[in-house]
Amino acid sequence: MCGIVGYIGNQDAKEILLKGLEKLEYRGYDSAGIAVRDNSQVHVFKAKGRIADLRAVVDASVSANTGIGHTRWATHGVPSHDNAHPHQSTAGRFTLVHNGVIENYSILKREYLEGTAFVSETDTEVIVQLIEKFANEGMETEEAFRQTLKLLKGSYALALLDEQNDETIFVAKNKSPLLVGTGSDFNVVASDAMAMLQVTDQYVELMDKEMVIVTKNDVTIKTLDGTVVERSPYKAELDASDIEKGTYPHYMLKEIDEQPLVIRKIIQKYQDEQGSLQIDQNILDAVTSSDRVYIIACGTSYHAGLVGKQLLEQMAKIPVEVHVASEFGYNMPLLPEKPLFIFISQSGETADSRAVLVAVKELGHKALTITNVQGSTLSREADYTLLLHAGPEIAVASTKAYTAQIAVLSILAHVAAASKGEAESMNLVKELGIVANAMEVLCDSKEEMDYIAREYLSFTRNAFFIGRGIDYYVGLEGALKLKEISYIQAEGFAGGELKHGTIALIEEGTPVVAIATQENVNLSIRGNVKEVAARGANPCIISMKGLDTDEDRFVIPAVHDLLSPLVSVVPLQLIAYYAALHRDCDVDKPRNLAKSVTVE
Ligand code: F6R
């Protein structure tokens with residue numbers, strides 16, 4: 001969701017910025033722009049649509065070594081050329097890109113910018129106009145920038161050019177992610193280290209309410225009261241090849257295929273030298289001493305959290321509640337004395353989850369973040385972090401992060417159970433190994449999945465995914481995958497709940513995908529399939545070896561029943577992928593969606 005890049009050095013800024021924006025495409029956007037400064041002036045190029053559309057309007061003859069760039073995911077104002085960033089002040093002296101939402105922008109407009117002619121509908125334009133106003137009143141740019149930042153309420157990551165100063169990019173951050181990358185004779189700015197991996201792997205983290213003066217040779221971080229902050233760069237542990245598609249047609253397919261490898265990597269990362277699974281003692285103490293665990297997450301991560309509840313409750317006997325982050329903040333339940341909050345987030349930047357983290361930290365509670373991104377906001381601000389080790393997930397539709405989240409939660413539950421003296425429910429290392437092998441078998445069944453997608457989903461208007469217990473949670477995820485990339489209206493339902501209303505939607509041919517991997521509900525879910533089939537539905541039963549019958553459409557290899565979501569989700573991911581392909585959808589960049597949802 002919105003991406004920012006900036007470059008100041010000796011090379012062609014245009015190309016570095018455009019390449020950087022291409023690397024941020026996965027975050028989701030609907031327009032893009034760059035501003036570059038040559039010897040005399042700032043040139044702005046913007047376009048609605050893709051980076052390819054922006055490339056087409058960039059004047060190749062402009063030679064510049066400094067610039068900023070932006071991908072915009074519309075919040076204030078429709079996607080359009082005028083609303084695309086960068087935005088300029090009226091006199092054209094200042095040029096700004098912004099990620100985030102300024103909550104008090106209309107108040108600022110009214111109180112400070114009466115009479116200013118605005119060209120866009122964005123909240124961003126208020127910021128750049130305020131900077132120019134303060135500069136016109138005689139402030140140096142740094143001071144005008146600081147003064148403006150002090151007035152802003154909301155979230156922002158900002159990069160600013162001043163036409164009268166060709167040696168500096170002014171940067172600031174509050175709540176929205178932003179990094180400064182360092183190099184020799186150049187420095188860069190990026191929402192995400194991936195964007196600038198082409199030029200550097202050294203990054204400096206920025207904290208909220210900091211501003212940074214970035215020149216070719218220096219990075220000076222200051223607080224808003226002007227105090228200089230010293231902070232050393234860290235090395236981004238990313239391999240450039242991790243963020244390439246290679247021979248795959250889509251990132252999503254690559255990431256689905258990576259899942260067996262990710263599970264094996266997680267086992268290895270969480271094993272000690274003797275091969276036993278281990279978790280940091282402080283985290284274990286926090287989990288086992290809490291009287292209730294609250295899992296907070298959004299979307300796919302929320303679905304992983306539902307499975308995590310089963311794992312923690314059944315293995316470690318710890319009571320767990322799972323909440324959608326955007327609701328929890330407004331609807332906080334009565335909390336016990338020692339709650340532990342677990343935030344699950346692939347990106348570690350999701351604003352809804354972060355809002356809850358801030359609220360529960362203020363209440364003095366402990367928080368653990370399970371994330372794929374080391375150093376992300378949710379990781380930095382929680383007391384503890386467990387990493388997913390899944391490698392960058394680029395496709396908007398989350399796949400390998402979901403299974404990695406469940407695998408890490410299973411390890412946490414397993415080690416917590418052992419530390420509480422609970423009887424061991426399984427040899428988890430062995431069982432996760434079986435899961436990885438089963439995933440491989442499924443990844444090799446692509447032709448069959450392509451066929452199932454064509455048979456059931458490619459031409460339908462809607463679809464249902466049903467299951468009971470843990471299979472219900474997988475159904476929710478299967479439905480989300482299908483709707484987000486194929487735009488088929490899909491709903492996940494508890495098998496027994498359909499008849500309480502939703503069964504009215506079943507018509508002749510409505511596809512109903514039923515997941516049947518749990519012995520204790522095998523007969524009842526099959527009963528629910530019969531109910532919908534009797535009303536004309538086209539059922540597609542996906543069962544697990546050992547529980548299968550002749551009516552099943554696809555049988556997954558047998559794995560431990562508590563770990564079955566790791567395996568049963570793979571056919572659902574693949575079916576969604578092929579359904580989207582058959583419907584000519586943009587699999588990796590579905591409409592309206594952003595990978596990293598950094599606004600509430
Ligand atoms: C769906 C998907 C989203 C994310 C959600 C939370 O495929 O990717 O539903 O799971 O936006 O994002 P994170 O996990 O980054 O907090």
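A polar contact is taken here as a pair of N or O atoms within 3.5 Å; within protein, one must be able to donate a hydrogen and the other to accept it, and residues adjacent in sequence count only if both atoms are side-chain atoms. The model is a predicted one, in which local features need pLDDT of at least 70 and side-chain atom pairs count only at pLDDT 80 or more, while totals for chains, interfaces and linings use all residues. Residues are numbered from 1 along each chain as its sequence is written, and side-chain values use heavy atoms, with hydrogens and water left out.

A polar side-chain atom of E484 is found 2.6 Å from an oxygen atom of the ligand, and a polar side-chain atom of S301 lies 2.5 Å from a ligand oxygen atom. The backbone takes part through Q346, with a polar atom 2.7 Å from an oxygen atom of the ligand. Of the ligand's 400 Å² of accessible area on its own, the protein covers 89% (Shrake-Rupley method, 1.4 Å probe). The surroundings comprise 14 residues, the closest being S301, S345, S347, T350 and E484 (a heavy atom within 4 Å of the ligand).

Turning to the rings, 9 aromatic pairs are counted, for rings of Phe, Tyr and Trp (its six-membered ring) with centres within 6.5 Å; planes under 30 degrees apart count as stacked, over 60 as edge-to-face and the rest as tilted. The F328 and F341 rings, with centres 5.8 Å apart and planes at 75°, are therefore edge-to-face. Because F328 belongs to helix 10 (residues 325-328) and F341 to strand 18 (residues 339-345), this pair ties together parts that are 13 residues apart in sequence; helices (H or I, at least four residues) and strands (E, at least two) are DSSP runs, numbered from the N terminus. Both F328 and F341 are buried (under 20% relative accessible area, with exposed over 50% and partly exposed in between; 1.4 Å probe, protein chains only). Y294, F328, F341 and F343 form one aromatic cluster.

The rings of Y472 and Y473 have centres 5.6 Å apart and planes at 35°, so this pair is tilted. Y472 is partly exposed, at 27% relative accessible area, whereas Y473 is buried, at 13%.

Charged side chains also sit over rings (NZ of Lys or CZ of Arg within 6 Å of the ring centre and within 35 degrees of the ring normal). K109 lies over the face of F118, 4.4 Å from the ring centre, and R591 over that of Y487, at 3.8 Å.
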